[in-house]
Structure formats: C-alpha cells, structure tokens
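Here is a short briefing for a reader who is new to this structure. Look at the sequence and the 3D view first, then work through the points below.

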Amino acid sequence: MSLKDRLDLARPLNSPSAGPIGESTGAVRSIAAPSRTDPVADMRRKAQETLFARIGNRLYDASLSPDQLRSIVVTELTGIVADNDIALTDDERHALVSAVTEDVLGYGPIQEFLDDPSVTEVMVNSTESIYIERGGKLVDTGSRFYSAEHLRRMIERIASQVGRRIDEASPMVDARLPDGSRVNAIIAPLAVDGPVLTIRKFARRALGVEDLIDIGTMTRQLADFLEACVKGKVTIVVSGGTGSGKTTLLNGLSSFLPEEERIVSIEDAVELQLQQRHRIRLESRPANIEGKGLVTIRDLVRNALRMRPDRIVVGEVRGAEALDMLQAMNTGHEGSLTTLHANSPRDALSRIETMVLMAGMDLPLSAIREQMASAIDLIVHIERLTDGTRRVVQVSDVAGMESSVVQLNELFSFDFGAGTDANGRFSASIAPTGIRPTFEAKIRRSGIQLTADTFRNDSAPAFRGVLR
C-alpha cells in the first residue's frame, strides 16, 4: 500500500478522499478512527506539532492572505519532513505535506461535513465524537480529532478570522465561517472534557418562500397571508426552539420587504441574508482582552433609531434590548421583524416580559403588557417535529388586552391529530381556523386586501395584492 493510501486511511476523519459519507438513505458510513499506534498517523501528528511550534501565532496573523499563509505552511512542513530524514519518495513526501497542510489550514475532520449540503449542523464533542444533523436527525459519524490541541487551534483560528478571541479568560465565543455558517465554541475551564464546537450551517443559497412551501414548512395559503402582513407593515415575531428554523423563516419573510424601504438588520453574528439593496447590516461586538469595546444588541437597536430606518430586523431578541425593540415598534417603526426562543406564542409573550424586566427599569407588568399588545401584531411559531421536518405550527394574532392579560387569537394551526404517513412523516399541514385578524384594517391601509377565502380551510390562496 502506498503512503498516500495509508495517509487516507490514517485521516482522523471521513475525508473527501474516503468517498461519500452517506448513501441515498442518508445513513453515515462509519469509518474507524486511526489506531493510536499507527506509525503513519504518528508521523502526521508529529509533523503538525512541530509545525505549530515553529510558526506559532503566524497561523492567526490577519495581515497574511490565505495564499501567503499556505506558502509559509508548505515551506515549513517541507523542511520538517526533510529534517526528520523519513524514508519517503518525492511523491510520498508531497502527499504527507499536502495532507498535514489541509489538516492545519482546513477544518480537519469536519471539512467534508461542511462541504456536504445535506448536513445542516456539525457537533464536535472534544476528541470523543463528531455528530452531524442530516434530515433533522442526529448521526454519529465515527470520526474524531487527533487531539484537543488540534481542535482548539482550529477554534482559535476561526475566532481570529472575525476579530473574536477565545482563551481561559474568555472561554466562550460566537463566530462565523467565511460562508456565513454560525459557530459556537467553548473550552476549558468551562468545558470539562475538552473543547466543544457546534456549527450551524447555512445553505449556499438562502431558502426562499417557494422553497419553504416545497419542503412543507408552510402552505401557499399561509405564505400569501404572511406576504400581505409584511407588505402591510404588520409587526411580526417568529418564535420557536433551538434549531427549529426561525432564522430561515425570518429570511423568507424578509424577502417580502419592499425595495424602496430602508432596512436595518441587527444581529449577534451575521446570519440574515437580506436581498434588498437598501439595507444596513449591524453586528454586535464582544469586549476586547482589556474588557473594553463591548457593543451589545441593545446599543445597536438604540443607534438604529437614529439611522432613519423604515424597518428594523433583529436577528434574535434575547435580553434587555426587548424594551428598546418594543418602544421602536410603538414609535413609528411598524412592520419590524424579530425572532426569539419560546415553546409557544403564549410563552413568547412571557419571555418578552422577562426580557423587558432585565432592562432594570422596574416597570409594572401591566405597562409591559400594554406595550406588547400595542407593538406586536402577529406571532408565527415554528417547530422541529419528531419526523425531522420543520413546520410552522401556529400563527397567532395579538388581539389586545383584557383583564390585564394579552389576548391571542389563533389564525392558523397545525393538526397533530391527523397522524403520520407510511414514512413516519406528519400528514397534516397548517390550515386557517376561520378567525380574521384584528390588524386587518392596518393591512388595508397599505392598499392590500384580504378576502374571506384567505381564512377558509377549503379556499385557494386569496392574497389579492395591491388595490388600484
């Protein structure tokens, strides 16, 4: 067996050279991790360790272009292999240098999963295991990193690429890959068993509303209704659990925003892929190594109000910025969009209450609820179901206050009682309940008309567009 073949077998991952990771069924073909005593694996590991010792922090030098960094790595590795006087042919030396270079400059064992469009999430549990999500299901890949040091160096490089840092003083980081995929990493002393890395991948092409209809996330009827709501300046909150598809749905809704409006988006790490030309993207910033320079979502929401926005889109509300967001919605910024974590529309309102209290303003609950009832028009709740699909399961109209309680009217609902088909997939789709929204007059003021058919179970999509 040639060294190239042995290198492929010794890779700490299911590498691209090892073939596809799954068949048409979506199952992952598990490849055994290399033996700890494998001489080829030891050769690669030693070459990596020597390389890191030689070039140190130059791996994270932002002034170096990718080509310059690759040139430095290849030069150093070539010298390392020559210094060790390993009995290899020229082709074998080249194969060894290339393999280690890809490990050091690429993403090691997870590179092929990042390249696989069917994989939506990658979860690295230190050196113990690497899991992926495919088709809404978690799968153990059988791959792993050689060492915690290798994994940590890769995490540090990802963080440095976007001006973030991760070390013992700041052992957690949210960052992103060049393709926009969201990265969360946590290291010792918080991660007891070694570095943990989670990557939420973004599709190379943002899913549009038509895609969401095709995969069953929503129906055409609901999509037409939501289009009318966005164009009619209805303020919408998208709620759901972790990984339920809130950001994807928000992206779809944002496609309905008019081109002539000025849109300001605010996020912790840029994820939204707004298609409008007149858009401003703002991103929060953590404190630097001296503990200075922190810019929060709340700071950005306040600043956005001075930027003459027609719409404000907040990627996710998770803290005291909820108060500023409500105030913005109540002071001329109707039609704004945001997401938050919640188990239901009712829980979404409770979470907003809690987040407003985090602002430290000591407001009475009645005042907070009045603000919510006035500012928020619609809550769209999405879930990741047990069959692996992501579906909009409830659409609720915020119908004002009654006896100090915010009232919700369910406009669309998902019938879980319809059962599943032969493949275990839920048979039902979300359908209108027949109730008309209280904000219908607001939509009508924007020149958009909703007919009775919009809210009938047996109706065809009935969004009539702009009145002439």
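Helix H11 (residues 321-329) is mostly covered, with 8 of its 9 residues buried. Buried means under 20% relative accessible area, exposed over 50%, and partly exposed in between (1.4 Å probe, protein chains only). Helices (H or I, at least four residues) and strands (E, at least two) are DSSP runs, numbered from the N terminus. This is a predicted model: local features need pLDDT of at least 70, side-chain atom pairs count only at pLDDT 80 or more, and totals for chains, interfaces and linings use all residues. Residues are numbered from 1 along each chain as its sequence is written, and side-chain values use heavy atoms, with hydrogens and water left out.

**Helix H11**
- The buried residues of H11 are Glu-321, Ala-322, Leu-323, Asp-324, Met-325, Leu-326, Ala-328 and Met-329.
- Their cover includes helices H10 (297-304), H12 (345-357) and H13 (365-375). Strands S10 (311-314) and S11 (337-341) also cover them.

**Nonpolar cores**
- A nonpolar core is a set of buried Ala, Val, Leu, Ile, Met, Phe, Trp, Tyr and Cys residues joined through side-chain atoms within 4.5 Å.
- The largest core has 42 residues. Among the members that touch the most others are Met-218, Leu-222, Phe-225 and Ile-236.
- Elements giving two or more residues to this core include helix H8 (220-231), helix H9 (246-254) and strand S13 (390-402).
- H8 supplies the largest share, 7 residues.
- Ile-236 touches Cys-229, Val-230, Leu-253, Ser-336, Leu-337, Thr-338, Leu-378 and Val-380, not counting residues up to four places away in sequence. Contact means heavy atoms within 4.5 Å.
- A second, separate core of 35 residues includes Ala-322, Leu-323, Met-355 and Ile-376.

**An open sheet**
- 6 strands form an open sheet in the order S3-S2-S1-S6-S5-S4, with antiparallel pairing. Two strands pair if DSSP finds at least two bridges between them.
- Strands S3 (137-140) and S4 (172-176) stand at the edges, each with a single partner strand, so one side of each is left without a neighbour in the sheet.
- Strand S1 (residues 119-125) and strand S6 (residues 196-200) run antiparallel and are joined by 5 bridges.
- Met-123 stands opposite Thr-198 in S6.

**Whole protein**
- The protein has 14 helices and 17 strands.
- Buried residues make up 50% of its 468 residues.
- Among contacts between residues at least 6 apart in sequence, 55% join residues at least 24 apart.
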